Amino acid sequence: MAVEMADLIKDELDQHLDAVHFYSDSKVVLGYIYNESKRFYTYVHNRVQRIRQSSKPTQWHYVRTEENPADHASRSLTPSQLAKSTWLTGPSFIYHPPVENKTLREMFELVEPEKDLDEMTQARHVILKETQMATFEKELSALRANKPIPRQSPLLKLSPVLVNGLIAVGGRLEHSEVDNSEKNPIVIPKDSYISLLLTRHYHKQDKVHLTHEVLCTVMAEVTAIINARPLLPVSSDPENPFILSPSMLLTQKSCLPPPPGTFLDKDLYIKQWRQVQALADQFWTRWRREYLPTLQKRQKWTVSRPNLQVDDLVLLKDKQVTRNSWPMARVTATFLGKDNRVRKWK
């Protein structure tokens, strides 16, 4: 629009113009105009070509948003504010002579995704931080001060911790062999708009059309995966090598056979049996990733208590004692776990 207006004005005026300068408060647009090497999408390419037909990159300059009169057109101004604005007068710097030896050519770098991962990470961090601050301000303040969070907090059972300044689940998977993102997932309020956007994003990624036969087979595979889950902690006793699971109780078989090969997302769109296996692998990955966090919640011991100490008097729990018997003992030694809490004593 700027170059088209400039062309129109030059055609209508009877005066010769020594110079024409254009100003934009968008460094991205200036990056497009100054670009000499990168290729753009057709939409951008056509507009850059139109601009270059009527102007040179050296005619384009950056103006700060607060000095840009065009910015007033997109914002509401009262009549009294309009009279005092730069809408009618233009920015103040156009009334001053140009500074000598000032280079007209200004370089504006375009964003390169492969080089700007850090900026994307920072943007993600800022968005999550602001989202948490809006809902979990008290929890953030307590964790930053190394104090327990309020007892009425909905995060109490998650044993929250700070990870890079963000609230993450502390939980009970500290020593598990999973990624840190699964051990300490970032907490996002369920009612926030960010949660809605993330849900929509991942739902769109999971759209796959299934036939009735494929769906039934996939559900059978899913049932087998769930029924193979151990019912009890896995024993280290060599005389008891089998894992007790619902599948073992139903089929009297100790374990399920491994999948017949490796299956990727591309298998979702070819032969049906490979589609079934790929979907089963996807379920296994997601079930393992999403089921484990449900174990993070602490149903008890959510508040820190003093450790047992030597000479403490304790009440013994013994199933074989007779009625009305309350055996007691005195602690002679304590053994700390990796979390500096007493895990054993004698």
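Trainee: Is phenylalanine 22 buried or exposed?

Mentor: This is a predicted model, in which local features need pLDDT of at least 70 and side-chain atom pairs count only at pLDDT 80 or more, while totals for chains, interfaces and linings use all residues. Residues are numbered from 1 along each chain as its sequence is written, and side-chain values use heavy atoms, with hydrogens and water left out. Buried means under 20% relative accessible area, exposed over 50%, and partly exposed in between (1.4 Å probe, protein chains only). Phenylalanine 22 has a relative accessible area of 7%, so the word is buried.

Trainee: Which residue forms a stacked aromatic pair with phenylalanine 22?

Mentor: Rings of Phe, Tyr and Trp (its six-membered ring) pair if their centres lie within 6.5 Å; planes under 30 degrees apart count as stacked, over 60 as edge-to-face and the rest as tilted. Here the centres are 4.7 Å apart, with 15° between the planes.

Trainee: Is the pair of tyrosine 23 and phenylalanine 93 stacked or tilted?

Mentor: Tyrosine 23 is in strand β1 and phenylalanine 93 in the loop between α4 (79-84) and α5 (117-135), 70 residues apart. Tyrosine 23 counts as partly exposed at 38% relative accessibility, and phenylalanine 93 counts as partly exposed at 29%. The ring centres are 5.3 Å apart and the planes stand at 55°, so the pair is tilted.

Trainee: Which residues does serine 24 contact, leaving aside its neighbours within four places in sequence?

Mentor: Serine 24 lies in strand β1 and, at 12% relative accessibility, counts as buried. Contact means heavy atoms within 4.5 Å. With those neighbours left aside, the residues are Val29, Leu30, His61, Tyr62 and Val63.

Trainee: Which residue lies over the face of tyrosine 62?

Mentor: A charge sits over a ring if NZ of Lys or CZ of Arg is within 6 Å of the ring centre and within 35 degrees of the ring normal. At 4.9 Å from the ring centre of tyrosine 62, the residue is lysine 27.

Trainee: In the hairpin of β7 and β8, which residue takes a positive phi?

Mentor: Two strands pair if DSSP finds at least two bridges between them. Strand β7 (residues 334-336) and strand β8 (residues 342-345) pair in the antiparallel sense over 3 bridges. The hairpin has 5 residues between the strands, and the one with a phi near 65° is asparagine 340.

Trainee: What is the phi of asparagine 146?

Mentor: Most residues other than glycine have a negative phi. Asparagine 146 is found in the loop between α6 (137-144) and β3 (161-163) and counts as exposed, at 72% relative accessibility. Its phi is positive, near 60°.

Trainee: Over which residues is the pLDDT below 50?

Mentor: pLDDT is the predictor's confidence in each residue, from 0 to 100. The chain averages 79, and 79% of the residues score at least 70. Where pLDDT is low, the predicted coordinates should not be read in detail. The stretch below 50, with 5 contacts in the model beyond near neighbours in sequence, is residues 100-105.

Notes. Helices (H or I, at least four residues) and strands (E, at least two) are DSSP runs, numbered from the N terminus.
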